[in-house]
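Dear colleague,

Please find below the structure that I am handing over to you. My findings follow directly after it.

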Amino acid sequence: QATTPTAFGPISSLLAAMMPSLHRCVGVASVGVRHAQAMTATSDVARTFGAVERFLWRRFSSGVAKAGARPQMVDVGAKAPTIRRARAACRVLVGPEVAEALALGKVAKGDVLTVAEIAGIMAAKKTPDILPLCHPLLLTKVGVECRLDREAGVVEVVADVSCTGLTGVEMESLTAAATAALCIYDMCKPITKGIVITDLRLLSKSGGKSGDFERAIDE
């Protein structure tokens with residue numbers, strides 16, 4: 001015999017309480033009784049749904065609070081503007097066939113590396129639209145370079161982002177590098193679906209309270 005889980009017992013009770021109100025709404029609509037009665041029945045349903053919503057919020061927001069702070073953009077208003085810079089990189093393992101096509105300019109969609117660089121620049125400016133808790137920043141420089149190593153069958157992507165602001169641009173540089181790599185995949189996938197994007201990483205950052213960071217060359 002199926003049983004209702006203890007955690008959701010109150011939900012079942014609330015849903016059961018909704019049914020008379022829903023039936024009244026249907027009855028009102030079917031026999032065409034006064035508008036005031038229809039509004040009363042609709043209000044009953046709205047109150048019941050509100051009760052369900054409040055119960056769910058109390059039930060599960062408490063669990064979120066125990067696990068960690070509620071999602072929010074961190075307040076950086078007290079910080080002083082400083083020059084911020086971050087560099088990020090990744091590798092696109094395109095393989096010999098795609099590398100040959102890139103070197104000879106024979107990819108059907110056009111100049112892959114140039115388009116990928118532009119895509120990375122555009123993505124850096126859209127980072128807060130992709131990552132919801134990032135602050136919108138007035139970027140002063142975004143550069144993306146895609147370098148083909150024909151013999152290795154690899155495209156090295158490096159993004160360099162700067163601003164004068166209250167918070168860093170690490171995520172903008174990582175977003176730029178990742179998007180450039182995805183653009184390479186998109187434009188080259190008719191040749192092969194086996195392209196691999198790997199080693200997305202922050203190379204360096206400077207500025208801000210946390211200080212500078214420089215990744216070791218062999219990392």
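Apart from neighbours within four places in sequence, Arg84 is in contact with Lys79, Val161, Ser162, Cys163, Gly165, Leu166, Thr167, Gly168, Val169, Ser206, Gly207 and Gly208 (contact: heavy atoms within 4.5 Å). The model is a predicted one, in which local features need pLDDT of at least 70 and side-chain atom pairs count only at pLDDT 80 or more, while totals for chains, interfaces and linings use all residues. Residues are numbered from 1 along each chain as its sequence is written, and side-chain values use heavy atoms, with hydrogens and water left out.

Arg84 belongs to strand E1, residues 82-93 (helices, H or I of at least four residues, and strands, E of at least two, are DSSP runs numbered from the N terminus). Arg84 is buried (buried is under 20% relative accessible area, exposed over 50%, partly exposed in between, with a 1.4 Å probe and protein chains only).

The largest nonpolar core has 29 residues (a nonpolar core is a set of buried Ala, Val, Leu, Ile, Met, Phe, Trp, Tyr and Cys residues joined through side-chain atoms within 4.5 Å). Val94, Cys146, Val155, Val157 and Ile184 touch the most other members. At least two residues each come from E1, helix H3 (95-104), helix H4 (112-125), strand E2 (139-149), strand E3 (154-165) and helix H6 (170-188). The greatest contribution, 9 residues, is that of H6. A second, separate core of 5 residues includes Ala86, Val161, Val169 and Leu202.

The whole structure contains 0 disulfides (pairs of cysteine sulfur atoms within 2.5 Å). For Cys146, the closest cysteine sulfur is that of Cys90, at 7.9 Å, which is too far for a bond. Cys146 is buried at 7% relative accessible area, and Cys163 is buried at 1%.

Lastly, Asp199, in strand E4 (residues 196-206), has a positive phi of about 60° although it is not a glycine. Most residues other than glycine have a negative phi. Asp199 is partly exposed, with a relative accessible area of 37%.

Yours sincerely

Terms used. Lys, Arg positive; Asp, Glu negative; His and termini not counted. Salt bridge = Lys/Arg side-chain N within 4 Å of Asp/Glu carboxyl O.
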